[in-house]
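Please open the structure in your viewer and keep the selection tool at hand, as this tour moves from one selection to the next.

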Amino acid sequence: MDPSYQKHFAVADYVIFAVLLAASMGIGLYHALSGGRQRTTQEFLMADRSMRCLPVSLSLIASFQSAVAIIGVPAEIYTHGTQYWFIGCAYILGLLIPAHVFIPVLYRLRLSSTYQYLEMRFSKAVRICGTLTFIFQTVIYMGLCVYTPAFALNAVTGFELWGAVLATGLVCTLYTTMGGLKAVIWTDVFQTVVMFAGQLAVIVVGVQQTGGVSEVWRKVREGNRISALDLNPDPTERHTFWTLGVGGIFLMLSLYGVNQAQVQRYLSARTEKEAVRSCYMVFPSLQLALALSCVMGLVMFARYCGEDHSDKLGTSSKDAMVVYFVMDMLQGLPGLPGLFIACLFSAALSTISSAFNSLATVTMEDLIKPHFPTMTEARATLLSKVLAMSYGLLCLAMAYLTHLMGDSVLQVALKIFGMVGGPILGLFCLGMFFPWANSTGALAGLGAGLALAFWVGIGSIVTRSSSTRPLPPCRAVLLSDNMTTAIHAALLNVTLSRPSGLKRFYSLSYMWYSAFNCFTVILIGLIISFLTGPMKEEDVTPGTVYPLLGKLLCFLPEHLKKKLCCVTPLGHTLSAQQRPSQNKESNGLAFPREDRTSQEETDTLFPEAHTPLVEHETTV
Ligand SMILES: CC(C)(CO)[C@@H](O)C(=O)NCCC(=O)O
Ligand code: NA
């Protein structure tokens with residue numbers, strides 16, 4: 001790297017960064033020493049199921065908003081224009097469906113791990129396969145999350161790469177291990193605020209240095225960065241309204257509907273209503289996060305006009321360039337570079353801590369507890385802490401693996417969500433919406449879904465078929481008209497030569513991965529289920545099926561509807577002997593009556609849980 005490009009920190013920057021780490025540790029320590037002192041798995045993994053909606057909702061956005069998005073989205077906007085912003089359209093259904101379909105089913109079953117659902121609906125084998133798939137997804141993603149901020153920081157400031165990786169990994173392991181889910185949620189709240197503050201600071205300073213809002217707008221218009229709505233139906237087109245706005249819904253469902261990290265937060269809410277409300281509150285915050293990172297990309301474009309600095313930075317990574325631009329802009333403003341670094345690491349820490357805690361939960365609940373039913377609570381809690389710690393160390397190893405990959409970090413993250421999260425989403429949809437699906441079908445569907453996902457995913461990496469040309473820098477507009485026409489013609493040629501056959505299959509837009517893999521699982525799952533004998537109505541565990549077909553076909557006469565969706569309504573009351581045994585051990589009241597509201601039902605379940613709420617409200 002060209003030494004004149006290297007940026008340096010002032011003392012104030014180091015102080016801000018240190019305060020972030022210290023405050024996170026402090027919150028962990030506080031929750032280790034207060035409340036029940038993390039002596040039960042209920043507290044360590046479920047936050048005593050006592051959380052309010054505000055912390056839960058901030059924690060929900062923090063889970064999948066890491067440094068990958070903070071750096072990756074501006075890099076995407078900078079090189080390809082604002083088309084990516086249309087993913088915001090997917091947030092509407094992507095949050096409404098989890099709030100009204102997934103949360104009611106999962107919350108009322110009073111699970112600890114989402115994969116418990118799979119055992120209730122199908123069998124133990126399906127549960128274990130689901131858990132292992134989730135662990136695989138999270139471990140890879142976690143490596144990417146630790147590595148990204150450290151790599152970017154190293155590229156621009158020469159900050160020791162592995163020092164940063166170790167610092168984040170260790171701090172996060174410590175507070176997660178000490179304070180459990182309560183610490184994870186409350187550090188998420190603090191870190192989300194720091195994240196927004198950092199992004200806002202960069203935008204304000206950037207706009208000011210570029211000469212105001214109108215100047216930024218003029219430059220991004222000139223540079224052709226404001227993208228029109230692209231309605232091209234071609235599924236191999238990387239970003240269009242369809243891939244982002246429709247494919248994105250499935251991405252959102254796999255993250256906000258069935259991902260353990262999120263479901264664990266819904267379950268930690270004190271009532272179902274509170275969980276649904278927190279899901280609603282994610283919408284404005286997620287739109288804000290998206291808007292901030294897109295605007296950051298535009299401001300950066302206005303300032304640098306899309307020039308390529310890769311030779312001087314010693315890396316062709318656009319992600320490293322984003323950090324360079326930010327640090328360059330903030331030079332000479334003591335404290336602000338530190339705030340931005342704190343923003344990156346906040347985003348990363350809040351994601352990694354969710355990953356540690358959710359991994360510890362599923363390993364404990366799905367893989368260990370079923371084999372040691374007599375384990376004491378103290379021993380189980382100790383073991384959960386050891387697990388959270390070991391996943392922390394594994395995460396450092398995964399960071400090293402990520403080191404060996406090379407692509408835009410945003411694309412890598414979304415590909416992982418689609419390739420591994422898509423089939424898991426398919427498994428849950430198969431169980432919830434199709435009462436006929438049986439365990440064999442589910443296993444075959446998951447296997448086929450994962451196989452096809454990796455075939456397309458690895459195929460696209462090997463043939464590099466999904467890469468699109470970046471837009472030209474804004475200087476191109478200043479060239480003579482002839483030149484511009486030539487460039488446009490060249491670009492058109494690139495897009496006109498469509499791949500054929502298998503290559504076309506590999507060039508499926510990565511934004512469709514979640515939807516494609518989800519449908520593969522459902523389709524194969526249904527075919528195999530019908531071949532091996534579909535599940536009978538009386539064999540389906542009540543409360544595990546959502547009457548989707550019944551609701552969609554509401555215009556049909558009643559008897560036909562009943563036939564089609566073998567109605568096992570949500571929250572149907574059961575006789576004691578019909579109740580599956582695994583519910584009894586978590587609690588005896590897994591299936592509340594339909595005619596009660598969730599508030600009432602939680603009051604009967606936990607009369608003591610309601611008291612602090614009343615107290616609080618009367619004092620306010
Ligand atoms: C997952 C979404 C699309 C949700 O807005 C977004 O936060 C995102 O692009 N995340 C990328 C992955 C990450 O930031 O780690
Ligand atoms: Na985060």
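This is a predicted model: local features need pLDDT of at least 70, side-chain atom pairs count only at pLDDT 80 or more; totals for chains, interfaces and linings use all residues.

Begin by selecting ligand 1, whose space is the largest cavity. Show the 14 residues around ligand 1, and then highlight Gln 65, Ser 66, Ala 69, Tyr 91 and Tyr 141, which come nearest.

Next, turn to the oxygen atoms of ligand 1: one is 2.5 Å from an N or O atom in the side chain of Ser 66, and a polar side-chain atom of Tyr 141 lies 2.6 Å from an oxygen atom of the ligand. Taken alone, ligand 1 exposes 380 Å², of which the protein buries 99%.

Now select Tyr 84, Phe 102, Tyr 117, Tyr 256, Phe 340 and Ile 352, the residues with the most contacts inside the largest nonpolar core, which has 169 residues. Centre on Tyr 84, and leave aside its neighbours within four places in sequence: its contacts then include Val 73, His 239, Leu 290 and Leu 414.

Finally, select Phe 44, Leu 45, Ile 368 and Ala 388, which are among the eight residues of another core, lying apart from the largest one.

Methods: Residues are numbered from 1 along each chain as its sequence is written. Chains are lettered from A and ligands numbered from 1 in the order in which they are written. Side-chain values use heavy atoms; hydrogens and water are left out. A nonpolar core is a set of buried Ala, Val, Leu, Ile, Met, Phe, Trp, Tyr and Cys residues joined through side-chain atoms within 4.5 Å. Buried means under 20% relative accessible area, exposed over 50%, partly exposed in between (1.4 Å probe, protein chains only). Contact means heavy atoms within 4.5 Å. A residue is near a molecule or strand if one of its heavy atoms lies within 4 Å of it. A polar contact is a pair of N or O atoms within 3.5 Å; within protein, one must be able to donate a hydrogen and the other to accept it, and residues adjacent in sequence count only if both atoms are side-chain atoms. Accessible areas come from the Shrake-Rupley method with a 1.4 Å probe; for residues, only the protein chains shown count as cover. On a 1 Å grid over the protein atoms alone, a cavity is a set of points where a 1.4 Å probe fits but cannot get out, and a pocket is an open set with protein on both sides within 12 Å along at least five of seven lines; lining residues have an atom within 4 Å of a point. A molecule sits in a cavity or pocket if more than half of its atoms lie within 2 Å of its grid points.
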